Amino acid sequence: MLTGRMMAFPLTITHLWQRAREFFPTQEVVSRLPDKSLHRQTYADFAARCSRLANALKKLGVGPGDRVATLCWNHRQHLEAYYAVPMMGAVVHTLNLRLHPSELLYIAQSAEDSVLIVDRSLWKLYEAFGPKVTSARHVIVVPDAGPAPDGTLDYEALLAAESDEFAWPTLDENDAAMLCYTSGTTGNPKGVLYSHRSTVLHALVSCMTDTLSLRQSDIVLPVVPMFHASAWGLPYSAVLAGAKLVMPGPHLDAVSLLDLMAAEKVTVAAGVPTIWLGILASLDAEPKRWDLASVRSMVIGGSAAPGSMIEGFASRHGLEVTHAWGMTETNPLGTVANVKHSLAGRSPEERLSLRASQGYAVPFVETRHVNDEGSPLPRDGQTFGELEVRGPWVAASYYGGDGADRFTADGWFKTGDVVTLDGDGYMRITDRAKDVIKSGGEWISSVALENALMSHPAVLEAAVFAARHEKWTERPVAAVAFKPGQSATPEELRAHIEGRFAHFWLPDAYVVVAQVPRTSTGKFLKTKLREEHGDMLLSKPAAP
Ligand code: ADP
């Protein structure tokens, strides 16, 4: 075998930072503050401030491999931690500010965070768990909503005292860069330790035209929080591309986001479907209020984007959705639902169905689906099985060694998603394994039912869950939230979807809710629905 004679140039985040400083110093990072004002800084400021942060952290004793946690909204200081911490050889650990303090304590303890960077606006949350984190030596407060409390370090004061230069170490591309925990909807949260290499490769592939197609002229709004799977890598891919970043801070309601998109002329925005359902409803209610002519793609993932939403954005507002699938364990981008050139001539309905699927795998991610014995299944678009993935930005194990059963002996990661794959490689998620409804031994796809229900004009959100049943073990029940001032009867909802499914798939009952409960990452929380309504189909015990 002959060895190639190319340089062993490490793929590290430092190169992204260096590029931003060298080629795009005037590019902007815009952050929205809690008081709704906008803060602007350039990439030149960002680069200098990263050096200042690294100098400050080094003086505080942060060394190679140490975990520096963030409890922050999406903003410029969080971005600085995303770069400075890994570039100095330490690991940035993003804490999910929507978790319960007991979960945050569990996660910070198991990560052994040595420094915590906390927004002043999240101080109350910090106080409920932070003082109990035994490994934490320092707390640095980002003064976004008032001065740092006594006994803590003020982020801005720390940076003000430091130099614009830092002697960045030469890193190995396999060094750890970031630690993200899964949200624990399937058991205790588990840590996933991204490397510099996985982060950089993921960012590169995210910039490809046929994936998320980020480019230098883009103005990128990560609505997805930086504590959710590294905001899908956008803080890295946008900087790699040299794009402008617009950070929404704590203002994540539809009207605030639409105001920001219009004011900053955002071209790409990304978030979970619940965010976009709200945005679509606001646009439908006031179609002329916002000028969104600049928007070229809204990246939607994290749970299934309903076809009716994709279609509604396109036909009523001229807005294009890019539907993507991923997981914390996959850095997170795995598949993107673009329509291949060879399929572009299909009917509008078929093209919509492709765009509402989870799409096909991006380069270097491989997908297969398997039966209960682990044998690969046919790619016929019909046979259900568990999705397995592998690739350079797919976890090889969890931090701390939990969940070893998710990794197969032949090198695949078991996603827990139940899917079909078709001959063109398009994947369709029918459910997460834990949400699967098994009625009389037959699988019913809650995702397909939800998508159909959400195409009813009065329905804002729909989540279908398994209710216990004496005869069939489980039957589907739909929780439905209506748009303001609208409603529909169970009969009307049933009539709307019944032509599309086998009779036994149709929900046995409909529960009207004000809002479908959400997980900490903004997805429908079906376990809560099951807890509250899971027994509603059982006959009541006879009164004594
Ligand atoms: P959690 O949902 O536990 O907060 P993740 O964000 O890592 O953590 O969730 C990954 C899961 O989200 C996937 O396994 C899949 O079930 C679901 N998911 C992600 N993207 C999509 C999508 N486009 N369509 C359907 N489900 C999705």
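I began with L116, which stands opposite V139 in strand 6, in a model that is predicted, with local features needing pLDDT of at least 70, side-chain atom pairs counting only at pLDDT 80 or more, and totals for chains, interfaces and linings using all residues. Residues are numbered from 1 along each chain as its sequence is written, and side-chain values use heavy atoms, with hydrogens and water left out.

**Strand 5 and its neighbours.** I noted that strand 5 (residues 115-119) is joined to strand 6 (residues 138-142) by 5 bridges, the two running parallel; strands are DSSP runs of E with at least two residues, helices are runs of H or I with at least four, and both are numbered from the N terminus. Two strands count as paired if DSSP finds at least two bridges between them. Strand 3 (residues 67-71) is also parallel to strand 5, with 4 bridges, and there A69 has L116 as its bridge partner.

I then asked which residues of strand 5 are buried on each side. V115, I117 and D119 are buried on one side, and L116 and V118 on the other, where buried means under 20% relative accessible area, exposed over 50%, and partly exposed in between, with a 1.4 Å probe and protein chains only. In a regular strand the side chains alternate between the two faces of the sheet.

I looked up strand 14 (residues 321-326) and found 5 of its 6 residues buried. It pairs with strand 13 (residues 297-300) in the parallel sense over 3 bridges, and I300 stands opposite H323. On the other pairing, 3 bridges join strand 14 to strand 15 (residues 333-336), which run antiparallel, and A324 has V336 as its bridge partner. These two strands form a hairpin with 6 residues between them, and N331 in the turn has a positive phi of about 75 degrees.

**Helix 11 and helix 12.** I recorded that helix 11 (residues 307-317) packs against helix 12 (residues 348-356) at an angle of about 115 degrees, with axes 9 Å apart. In this contact (heavy atoms within 4.5 Å), G307, I310 and E311 of helix 11 meet L352, R355 and A356 of helix 12.

**N451.** Finally I checked N451 in helix 13 (residues 446-453), which counts as buried because its relative accessibility is 19%. Leaving aside residues up to four places away in sequence, N451 touches A304, A305, P306 and S308.

Methods. Axes are lines fitted to C-alpha atoms, for helices over the stretch in contact, and angles run from 0 to 180 degrees between N-to-C directions.
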